[in-house]
Amino acid sequence: MLKSLFNWKVLLNLLVAIGVFVGLVWLTFRWLEYHTNHGQEIPVPNVVNKSVHDAVKILEDAGLDYEVDSAAYNPKYRPLQVLKVYPSPGSRVKDGRAIQLMVNPKSWAPVAVPDVINKYSGLAFQRLEQVGLKVADTIYEPSIQKDAVLRILFKGNSIKPGTKIPRFSVIDVVVGSGPMRNIAIPNVVGLTVKEAKALIARNLFEVGLVDYEDGGNDDSDIVYYQDPASGDARDQGMQIDLWASKKTPAELRGKIEILNSTYRMKVDTTLPPVRYDEVRIFQDPPVIDPVPAPAPQKKDVPKTETAKPTGTSAKPAASATTPATESLKLKGKDRLNLILI
């Protein structure tokens, strides 16, 4: 058994196997060193505060890869400026390592414009501020929708809800100021129904009843009558009724006269205006009940006897005072007594 182990052939095969194993191990490490650049490191260049274009060129020249990540926009720094590098500048990395660049974006992150069209302006402004948009000017425009948002303008152009614009962008809002009063009705006779509707809408009126003569709904029919008539003064938002037909207004003269008798009442201005006089209202003077005067208190006055002459049949002589005078005196005494009382 031992002799067979120490046979030169066995030892030779064993040495060959060990040599092959060592060779494979050496080749493996050499291959790994070649593909992983073992022992070869590159310092990370300092590209902080450079533009992202310059930073990328420097990294490529150094044999390094890169990954760009945009942080939140900071107005203190320039757009597309490199704010941070990872690994930090000066660190040694292998060739081909990806370097992460934190870059300041061009502007704020975009936000979607909320749908505030036809909404009350006070609530609309709050909604716009919540998403980070600033309202600069409020433009008032005649509209039947008073205090409602009609349009949103960004850099002078109208934008639709859902459009994405940078956060903290400055926008203008068009708000309805209410209908205008006593505006002349436009003339739509002779136009197609489609053209008449567009003209009525541009003048901020509403389309009311549309009577098609043939019973169809063809907007290519010609308008031969309208109510109110063109030139009449109405408030914006009022309805305008239309009568349309395939025929021209000249061919429908009889029907137009019938409509005039219904919707165009003529007033005779030759008659003098009726004058109405107001009737004066006479009021009786107020009746004042007289206050009764206090009745005078009468006192008994002693009667004075007159001396009769003796020895004669003549009539008694009249007293020195007449009855009238005596009554006056009595009244005077009575008045004096009243005052004293």
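## Salt bridges

A salt bridge is a side-chain nitrogen of Lys or Arg within 4 Å of a carboxyl oxygen of Asp or Glu. Side chains of opposite charge can pair when their charged atoms come close. This is a predicted model, in which local features need pLDDT of at least 70 and side-chain atom pairs count only at pLDDT 80 or more, while totals for chains, interfaces and linings use all residues. Residues are numbered from 1 along each chain as its sequence is written, and side-chain values use heavy atoms, with hydrogens and water left out.

The structure holds seven salt bridges. One of them joins the side chains of R151 and E141, at 3.0 Å from N to O. R151 belongs to strand β8 (residues 149-154) and E141 to strand β7 (residues 134-141), so this pair ties together parts that are ten residues apart in sequence. Helices (H or I, at least four residues) and strands (E, at least two) are DSSP runs, numbered from the N terminus. R151 is partly exposed, with a relative accessible area of 31%, and E141 is partly exposed too, at 28%. Here, buried means under 20% relative accessible area, exposed means over 50%, and partly exposed is in between (1.4 Å probe, protein chains only).

## Two further pairings

The side chains of E41 and R92 also meet in a salt bridge, at 3.7 Å from N to O. Since E41 lies in strand β1 (residues 41-43) and R92 in strand β4 (residues 92-94), the pair ties together parts that are 51 residues apart in sequence. E41 counts as partly exposed at 43% relative accessibility, whereas R92 is exposed, with a relative accessible area of 51%.

Now look for K246 and D221, whose side chains form a salt bridge of 2.9 Å, N to O. K246 sits in the loop between β16 (239-245) and α6 (253-263), and D221 in the loop between β13 (206-212) and β14 (222-227), so the pair ties together parts that are 25 residues apart in sequence. D221 is buried, with a relative accessible area of 0%. D218, D221 and K246 are linked in a network of salt bridges.

## Helices with a buried side

In helix α5 (residues 193-202), the buried residues are V193, A196, L199 and I200. Seen down the axis of α5, these residues fall within an arc of 125°, so they line one face of the helix. The arc is that of the directions from the helix axis to the C-beta atoms. On the face of α5 turned away from its buried side are the exposed residues K194 and R202. K197 is also in helix α5, and is partly exposed, with a relative accessible area of 30%. K197 and G208 are eleven residues apart in sequence and 9.8 Å apart in space, C-alpha to C-alpha.

Helix α3 (residues 52-61) is also the place of E60. The buried residues of α3 are V52, A55, V56 and L59. They cover an arc of only 100° around the axis, which puts them on the same side of α3. The face turned away from that buried side carries the exposed residues H53, K57 and D61.

## Patches on the surface

Patches are made of residues with over 30% relative accessible area and no salt bridge; like charges are joined within 9 Å, and nonpolar side chains (Val, Leu, Ile, Met, Phe, Trp, Tyr) within 5 Å. Accessible areas come from the Shrake-Rupley method with a 1.4 Å probe, and for residues only the protein chains shown count as cover. For charges, Lys and Arg count as positive and Asp and Glu as negative, while His and the chain ends are not counted. The place of a charge is taken as NZ of Lys, CZ of Arg, CG of Asp or CD of Glu.

E60, D65, E67 and D69 form a negative surface patch. Strand β2 (residues 65-70) gives the most to this patch, with three residues. E60 counts as partly exposed, at 47% relative accessibility. A nonpolar patch on the surface is formed by L14, L15, I18, F21, V22, V25 and F29, with about 730 Å² of accessible area together. I18 lies in helix α2 (residues 8-36) and counts as partly exposed at 46% relative accessibility.

## Backbone details

Most residues other than glycine have a negative phi, and most peptide bonds are trans. The peptide bond from Y86 to P87 is cis, with omega near -5°, and P87 lies in the loop between β3 (82-86) and β4. Another cis peptide bond joins D227 and P228, with omega about 5°.

K155 has a positive phi, near 55°, and is exposed at 71% relative accessibility. F168 is not a glycine but has a positive phi of about 65°.
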